[in-house]
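This report concerns one protein model and some of the contacts within it. Please consult the sequence and the structure shown here while reading.

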Amino acid sequence: MQKIIDRFVRYITIDTQSDPDNPAFPSTEKQWDLARILIAELKEIGMEDVTIDDNCYVMATLPSNVDFKVPVIGFVAHIDTSPDYTGTNVKPQFHPNYDGKDIVLNKEKNIVLSPSYFDDLLLYKGQTLITTDGTTLLGADDKAGITEIVSAMEYLINNPEIKHGKIRICFTPDEEVGKGAHMFDVDKFGAEWAYTMDGSQVGELEYENFNAAGAKVIINGKIVHPGYAKGKMINSMLIASEFITGLPKNEIPQETEGYEGFYHLHDMEGEVEKTTLEYIIRDHDIKLFEDRKAAFQKVADDLNKKLGSNLIEVEIKDQYFNMREKIEPVMHIVDIAEEAMKQLNIKPLIKAIRGGTDGSQLSYKGLPCPNIFAGGHNFHGRYEYVPAESIQLATDVIVKIAEITAKRAK
Ligand SMILES: [Zn+2]
């Protein structure tokens, strides 16, 4: 366990924050820093065919140790951390034998991680929690995933009595800016299916995610001196507020859960002459998703009709789709992960992701790719934490999946 913790700490103390505003790939140079370390480490533990391409995708192979044919499987995690919160100078804090009480992350700044707010902390009483010092994110998303994959490969190499087929692993850049799958060379990877190690709580196993679109609404107004504006001025901000209230008021993130979709206004900029609204549109069901986009467009069309001009422009762009459609024909890949957890006495928590993963895009690129827990909680902020025991369990799940895949192929 100490070895796993040390490995995890080594990864999280390297800043790999990605940048949504930089069109370069990868979006930040510093992601190479961790990629290079991973290359060296993978070679050192005895992985074969260790490569890094021009886009910062690290790949490696663990060869089969059986003489019969086993499907090639893969494991994927991402190198970058969220642009939402700083990942510079991460100073992990250790809380062994957690007692279920408040954890003071930062005395000076009075930052407390409390189970009265984050009640999932109580799942981990008696375990070793790894937290931040309250000034950065932790980066368990997704360096816990990387730690688990590297540690599982090392374990399989050191324990050749565990029989497995060929395993491919990949660490991708820029997942947090939605581009982790963009330059992923699925043919080069050459796996029949894979798993992203990028979920949260122990037991999570996910093969459904949102269908997703981004929408930009531009409202053009007309500026005139307010004293002489009667019948002339068009205030785009007021029209924007009509647009906003034209959408169903309960179909927003803070009012929805489970399979309920939503419209989310996440950015708004306005002056009299021009207002821009940026939305994301989400739904698990593809039919409801299409309906939702049509309804969005209709609010604009109706307003344009009412105003008698085309002041409102709407641009809707699909972002990713629910992987369920690609996973259902190959459900055995979910069954194998479920069985692996059960053999390890982990209760599988199968639920629909209210977001997306690299795996959803990979599934549409021909690599079916469910998501498995990596163990962390409260991603993308100062309250992020991960129990060391969860990293160990996810490592065990990877080893088990390799073992079961070979057993089923025999
Ligand atoms: Zn992640």
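## Basis of the report

The model is predicted: local features need pLDDT of at least 70, side-chain atom pairs count only at pLDDT 80 or more, and totals for chains, interfaces and linings use all residues. Residues are numbered from 1 along each chain as its sequence is written, and side-chain values use heavy atoms, leaving out hydrogens and water.

Asp 141 belongs to helix α3 (residues 140–158) and Asp 198 to strand β9 (residues 193–199), 57 residues apart. Helices (H or I, at least four residues) and strands (E, at least two) are DSSP runs, numbered from the N terminus. Both Asp 141 and Asp 198 are buried, that is, under 20% relative accessible area with a 1.4 Å probe, protein chains only.

## Aromatic contacts

Rings of Phe, Tyr and Trp (its six-membered ring) pair if their centres lie within 6.5 Å; planes under 30 degrees apart count as stacked, over 60 as edge-to-face and the rest as tilted. By this rule there are 14 aromatic pairs. Phe 75 and Tyr 195 are stacked, because their ring centres are 5.7 Å apart and their planes at 25°. Phe 75 and Tyr 195 are both buried.

Note on methods:
Buried < 20%, exposed > 50% of the residue type's maximum accessible area, 1.4 Å probe, protein only.
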